[in-house]
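This briefing concerns the structure displayed below.

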Amino acid sequence: MKINSSLISFAGELRKSLRSLGLAVLFTTTALFFAAPHTLLLLQNHLGQQLAFFTVSEPFLAMVKLAFFTTLFALMPGLLHVLWKALAVPFRMSNRAISLFVLFTCLLFYGGAAFCYLITLPFGVDFLLGFQSAQMRAVISVDRFVTFTAIFILAFGLIFELPVFMVFAARAGICPRQSFERNRRYAVLAIAIMAALLTPTPDVVNMLLMGGPLYLLYESGIFVLRLMGQP
């Protein structure tokens, strides 16, 4: 009953912000649509790719999609603030705790996104395109390129928030620190599976580029919980 009550409180608080969030996403996506060609050019130059399109509407739809993903990236602090504010109701978090959780989730999100953009994506794209030959040349769709890069950058940003949610789970009594310590082997397995699914290439090097930092973040979450005196 307590879990159901917490979920109802969380959903009710979240519902209050859905309208304003929807409007913010809509207006920001519309505004960033006009900057989408410059954003796409930045991604192309960074990854050294020439793009093509195969339907009349594909460039327009790709720009809309890129504007939407850029909006999520830009509005992430606001989205995270709404999330933590909603969680604060059933778990009785103070305003100071909400501010700290928002701050550190934002820092880790943008840190993970930067890590993906600067390191993982270039390595992954180079590896995948290394299979082309004189008989087989790559022709990359602009829509697939936008989806590929945006999803991986956002995914890396989100999973790098692991330590913050570990701290929250321990403080909320959902999963104590000792449980994280006892289940390291399962955490390593879960991280390996996640790295295999989310990295752009299946090779060991790129899996380690994601799995290695993610495991360090897992251990850092345990370390922070020890410093906080969480059992």
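Gly212 is partly exposed, because its relative accessible area is 28%, where buried means under 20%, exposed over 50% and partly exposed in between (1.4 Å probe, protein chains only). This glycine belongs to helix α10 (residues 204–227); helices (H or I, at least four residues) and strands (E, at least two) are DSSP runs, numbered from the N terminus. Between the C-alpha atoms of Gly212 and Leu158, which lie 54 residues apart along the chain, the separation is 16 Å.

The model is predicted: local features need pLDDT of at least 70, side-chain atom pairs count only at pLDDT 80 or more, and totals for chains, interfaces and linings use all residues. Residues are numbered from 1 along each chain as its sequence is written, and side-chain values use heavy atoms, with hydrogens and water left out.

**Confidence**

- The mean pLDDT of the protein chain is 85, and 91% of the residues score at least 70; pLDDT is the predictor's confidence in each residue, from 0 to 100.
- Among the elements of the chain, the lowest mean pLDDT (77) belongs to helix α1 (residues 2–33), and the highest (95) to helix α3 (residues 58–74).

**Overall fold**

- The protein chain contains 10 helices and 2 strands, arranged along the sequence as α-α-β-α-α-α-β-α-α-α-α-α.
- Its C-alpha trace spans about 60 × 40 × 30 Å along the principal axes.
- Of the 231 residues in the protein chain, 40% count as buried.
- Among contacts with a separation of 6 or more, 83% join residues 24 or more positions apart; contact means heavy atoms within 4.5 Å.

**Helix α3 and Met63**

- The 17 residues of α3 should span 24 Å at 1.5 Å a residue, and the end C-alpha atoms are 24 Å apart, so the two values agree; the expected span is 1.5 Å times one less than the number of residues.
- Buried positions in α3 include Glu58, Ala62, Leu66 and Phe69.
- Met63, also located in helix α3, counts as buried because its relative accessibility is 12%.
- Leaving aside residues up to four places away in sequence, Met63 touches Phe33, Ala36, Pro37 and Leu40.
- Met63 and Val142 are 79 residues apart in sequence, yet their C-alpha atoms are 9.1 Å apart in space.

**Packing of α3 and α4**

- Two packed helices are described by the angle between their axes and the distance between the axes.
- The axes of α3 and helix α4 (residues 76–91) come within 5 Å and cross at roughly 60 degrees; axes are lines fitted to C-alpha atoms, for helices over the stretch in contact, and angles run from 0 to 180 degrees between N-to-C directions.
- The two helices, α3 and α4, are therefore oblique to each other; angles under 35 degrees count as roughly parallel, over 145 as roughly antiparallel, 65 to 115 as roughly perpendicular and the rest as oblique.
- Leu72, Phe73 and Ala74 of α3 meet Met76, Pro77 and Leu79 of α4.
- By class, this contact of α3 with α4 has 6 nonpolar, no polar and no charged residues; Ala, Val, Leu, Ile, Met, Phe, Trp, Tyr, Cys and Pro count as nonpolar, Asp, Glu, Lys and Arg as charged, and the others, Gly among them, as polar.

**Pro90 in α4**

- Pro90 lies in helix α4 and counts as buried because its relative accessibility is 17%.
- Pro90 and Phe148, 58 residues apart in sequence, are 37 Å apart from C-alpha to C-alpha.

**Helix α7**

- Helix α7 (residues 162–171) is largely enclosed by the rest of the structure, because 7 of its 10 residues are buried.
- Those buried residues are Pro163, Val164, Met166, Val167, Phe168, Ala169 and Ala170.
- Gly173, which follows α7, has a positive phi near 80 degrees.
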